[in-house]
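Reader: Before we discuss any assignment, I would like each term set against its cut-offs. Could you take me through the structure in that way?

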Amino acid sequence: MSAVLLFFSIVFVLPLAIHGDLRVGFYQETCPLAEAITRGTIFAAAVLNPGIVPGLVRLHFHDCFVRGCDASILLDSPTEREGDTAEKDSPFNGASLRGLEVLDEIKAQLEIACPGTVSCADILAFAARDAASFAGIPNYEVPSGRLDGRISLADEVPHNLPMPFYNLSTLANLFASKGLSLEDLVVLSGAHSIGRAHCPSFHYRLYHFSPTQPQDPSLDPSYANYLKSICPPTVKPLDESPAVPLDAISSTMMPNTFYVALTQHKGLLGTDQVLMSSMPTRKMVRRFAHNPFLWPNMFADAMVKVGRLTTNEPGEVRKYCRSING
Ligand code: HEM
Ligand SMILES: *[C@@H]1O[C@H](CO)[C@@H](O)[C@H](O)[C@H]1NC(C)=O
């Protein structure tokens with residue numbers, strides 16, 4: 001097993017470092033309204049289309065885990081090198097991404113207010129913070145000063161983003177390769193307090209979990225029946241499949257229902273439920289389940305940590321978030 005993991009980390013997982021040069025208020029002189037414009041646009045858009053809220057939190061995570069937080073997730077195919085398929089067109093991103101249009105809208109406004117100044121990577125980091133804050137996470141400060149990358153490769157997605165069927169050691173190793181701890185993994189998984197997943201993301205848990213057990217035994221049977229009533233045995237492509245909330249309980253009053261659901265075997269994704277399968281992670285889940293207001297602040301801190309991932313590749317401030325500068 002360690003040979004396999006070693007192989008993965010050397011060959012596929014890009015070395016990421018925690019960036020020390022970012023600072024809060026980076027645009028204070030050059031574009032003082034950058035964060036206010038972003039926040040205003042996010043809040044206005046979220047009222048009309050609440051789906052962008054989970055969408056943006058997820059986009060920032062998907063950006064930072066592949067090549068660091070460089071807005072590589074926002075580039076359209078084909079990218080710089082002829083024929084390159086961009087990250088966003090990887091089957092693991094593809095149809096499930098939400099919130100891209102609102103970022104275009106913010107970028108257009110900031111190009112008028114202060115041309116060529118605010119990077120798309122920073123806009124995404126601010127937007128994810130504002131989305132989280134719209135969803136009830138304490139408002140946290142986002143260190144900024146990121147540059148936008150010029151490379152985005154679909155092939156780099158599968159081994160840098162976690163897949164929902166990963167076991168705990170594979171998950172923990174992937175997070176460790178990004179400088180994130182087991183606690184960060186448990187805390188960040190709480191992002192699944194908001195948003196949804198489509199049937200293909202958890203279908204195997206209902207119908208072909210293992211040769212001896214078609215249904216995942218760690219799944220509450222009545223919850224499984226409910227999921228089966230929505231997801232038929234035949235899988236369809238993600239964009240033709242129904243979606244269900246990632247948090248089986250979800251309440252506007254309680255921020256920690258995602259963790260309560262895990263203690264009741266009602267984690268929707270395999271990777272969420274698997275947090276109950278080891279002593280240290282189970283302890284953390286129970287702690288968040290018992291103290292409703294412990295998790296939100298820890299999530300804010302963990303998001304700042306994710307936002308510091310970088311490859312230290314040369315970058316630029318894009319004019320348009322979907323393409324590199326000419
Ligand atoms: C720990 C490993 C993780 C795995 C395996 C994972 C996997 C997934 C999958 C499969 C979906 C549903 C896609 C679909 O069917 O449409 C999803 C949705 C989501 N993920 Fe994760 N994720 C992980 C961690 C995270 C982290 C760290 C964050 C953010 C900090 C995050 C934020 C989200 C959000 C907000 C959604 C809902 C998106 C929407 O409703 O548009 N996830 N994730
Ligand atoms: C986790 O998955 C990896 C990769 O599929 C495998 O090598 C490893 O044996 C699994 N670990 C456990 C504890 O099941």
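Author: We can begin with ligand 1, which takes up the space of the largest pocket. This is a predicted model, in which local features need pLDDT of at least 70 and side-chain atom pairs count only at pLDDT 80 or more, while totals for chains, interfaces and linings use all residues. Residues are numbered from 1 along each chain as its sequence is written, ligands are numbered from 1 in the order in which they are written, and side-chain values use heavy atoms, with hydrogens and water left out.

Reader: Which residues around ligand 1 come nearest?

Author: There are 27 residues around ligand 1, and Arg-98, His-192, Arg-196, His-198 and Ser-201 come nearest; a residue is near a molecule if one of its heavy atoms lies within 4 Å of it.

Reader: What makes the approach of Arg-98 to ligand 1 a polar contact?

Author: A polar contact is a pair of N or O atoms within 3.5 Å, and a polar side-chain atom of Arg-98 lies 2.8 Å from an oxygen atom of ligand 1, so the pair qualifies. For His-192, a polar side-chain atom lies 2.8 Å from a nitrogen atom of ligand 1, whereas Arg-196 uses a polar backbone atom, 3.0 Å from an oxygen atom of the ligand.

Reader: Which element supplies the largest share of the shell around ligand 1?

Author: The largest share, 5 residues, comes from α3, a helix in the sense of a DSSP run (H or I, at least four residues; strands are E, at least two) numbered from the N terminus. At least two residues each are supplied by α3 (52–65), α6 (168–177), α7 (182–189) and β2 (196–198).

Reader: Why is the pair of Phe-258 and Tyr-259 called edge-to-face?

Author: Rings of Phe, Tyr and Trp (its six-membered ring) pair if their centres lie within 6.5 Å, with planes under 30 degrees apart counted as stacked, over 60 as edge-to-face and the rest as tilted. A search of the whole structure finds 12 aromatic pairs; in that of Phe-258 and Tyr-259 the centres are 5.0 Å apart and the planes at 85°, so the pair is edge-to-face.

Reader: How do you know that Phe-258 is buried?

Author: Buried means under 20% relative accessible area (exposed is over 50%, partly exposed in between; 1.4 Å probe, protein chains only), and Phe-258 has 1%, so Phe-258 is buried. Tyr-259, at 0%, also counts as buried.

Reader: What makes the pair of Trp-295 and Phe-299 tilted?

Author: The planes of Trp-295 and Phe-299 stand at 40°, with 5.1 Å centre to centre, and this angle is neither stacked nor edge-to-face, so the pair is tilted.

Terms used: A polar contact is a pair of N or O atoms within 3.5 Å; within protein, one must be able to donate a hydrogen and the other to accept it, and residues adjacent in sequence count only if both atoms are side-chain atoms. On a 1 Å grid over the protein atoms alone, a cavity is a set of points where a 1.4 Å probe fits but cannot get out, and a pocket is an open set with protein on both sides within 12 Å along at least five of seven lines; lining residues have an atom within 4 Å of a point. A molecule sits in a cavity or pocket if more than half of its atoms lie within 2 Å of its grid points.
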